[in-house]
Amino acid sequence: MNKFETELKAGNFVTSECIHCNRIVWPPSDYCDNCFKEVNWRKVSQNGIIIELSRKENDVFCITEFEDKIRVMGKLNVEIHMAKPGHTVRLSKCLLNGKNSFFFSLEN
């Protein structure tokens, strides 16, 4: 299990960042995808912006962007008519249960 999966299993949303290039490495890796040097790991901001929305039955899913680079898909805890692309959401929970799962709350 890599560092990203270990942290996700503990409920922490992290990414790798190259201190040499000053770049976020996404998807996360132990090495920079630009200069191939080792990276530092850090928590990702809990606030993101909705990019796209979708609904399956009563569940609402969204692609959310964090820190202008990191995009993940997760479940949104509101009805679809309450959210729109561009709205700010807050990561309320992340976990690893055989797959990466992210859950978001709409920010007011």
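## Cysteines

The model holds zero disulfides, a disulfide being a pair of cysteine sulfur atoms within 2.5 Å. The model is predicted, so that local features need pLDDT of at least 70 and side-chain atom pairs count only at pLDDT 80 or more, whereas totals for chains, interfaces and linings use all residues. Residues are numbered from 1 along each chain as its sequence is written, and side-chain values use heavy atoms, with hydrogens and water left out.

C21 is in no disulfide, and its nearest cysteine sulfur, that of C35, is 3.5 Å away. C21 is partly exposed at a relative accessible area of 24%, where buried means under 20% relative accessible area, exposed over 50% and partly exposed in between, computed with a 1.4 Å probe on protein chains only. For C32, the closest cysteine sulfur is that of C18, and the separation of 3.8 Å is too far for a bond; C32 is buried, with a relative accessible area of 1%.

## Nonpolar core

The largest nonpolar core has 22 residues, and those with the most contacts inside it are F13, F66, I70, V72, L76, F102 and F104. Such a core is a set of buried Ala, Val, Leu, Ile, Met, Phe, Trp, Tyr and Cys residues joined through side-chain atoms within 4.5 Å. At least two residues of this core come from each of α1 (3–9), β5 (59–66), β6 (70–76), β7 (88–96) and β8 (100–106), the helices (H or I, at least four residues) and strands (E, at least two) being DSSP runs numbered from the N terminus. In soluble globular proteins, nonpolar side chains tend to be buried together.

L76 illustrates the packing: leaving aside neighbours within four places in sequence, L76 is in contact (heavy atoms within 4.5 Å) with I50, L53, V60, C62, A83, V89, F104, S105 and L106.

## Aromatic rings

There are five aromatic pairs, counted where the ring centres of Phe, Tyr and Trp (its six-membered ring) lie within 6.5 Å, with planes under 30 degrees apart taken as stacked, over 60 as edge-to-face and the rest as tilted. One of these pairs is F4 with W26, which is edge-to-face at 5.7 Å centre to centre and 85 degrees between the planes. Because F4 lies in helix α1 and W26 in the loop between β2 (23–25) and β3 (40–43), the pair ties together parts that are 22 residues apart in sequence. Both F4 and W26 are buried.

The rings of F13 and F102 also form a pair, with centres 5.1 Å apart and planes at 65 degrees, and this pair is therefore edge-to-face. It links F13, in the loop between α1 and β1 (14–18), to F102 in strand β8, 89 residues apart. F13 is buried at a relative accessible area of 2%, and F102 is likewise buried at 6%. F4, F13, W26, F66, F102 and F104 form one aromatic cluster.

I63 is found in strand β5 and counts as partly exposed at 26% relative accessibility. I63 touches I49, I50, I51, E52, R71, V72 and M73, not counting residues up to four places away in sequence, and its C-alpha atom is separated by 6.7 Å from that of L53, 10 residues apart along the chain.

E65 also lies in strand β5, but at 17% relative accessibility E65 counts as buried. The side chain of E65 makes a polar contact of 2.8 Å with the side chain of R71; a polar contact is a pair of N or O atoms within 3.5 Å, where within protein one must be able to donate a hydrogen and the other to accept it, and residues adjacent in sequence count only if both atoms are side-chain atoms. In strand β8, the side chain of S105 is joined to that of N77 by a polar contact of 3.4 Å.

## Backbone geometry

Most residues other than glycine have a negative phi, and most peptide bonds are trans. The peptide bond from W26 to P27 is cis, with omega near 5 degrees, and P27 is placed in the loop between β2 and β3.

In the loop between β5 and β6, E67 has a positive phi of about 55 degrees although it is not a glycine, and E67 counts as partly exposed at 27% relative accessibility. D68 is placed in the loop between β5 and β6 and has a positive phi of about 60 degrees, again without being a glycine; D68 is exposed, with a relative accessible area of 73%.
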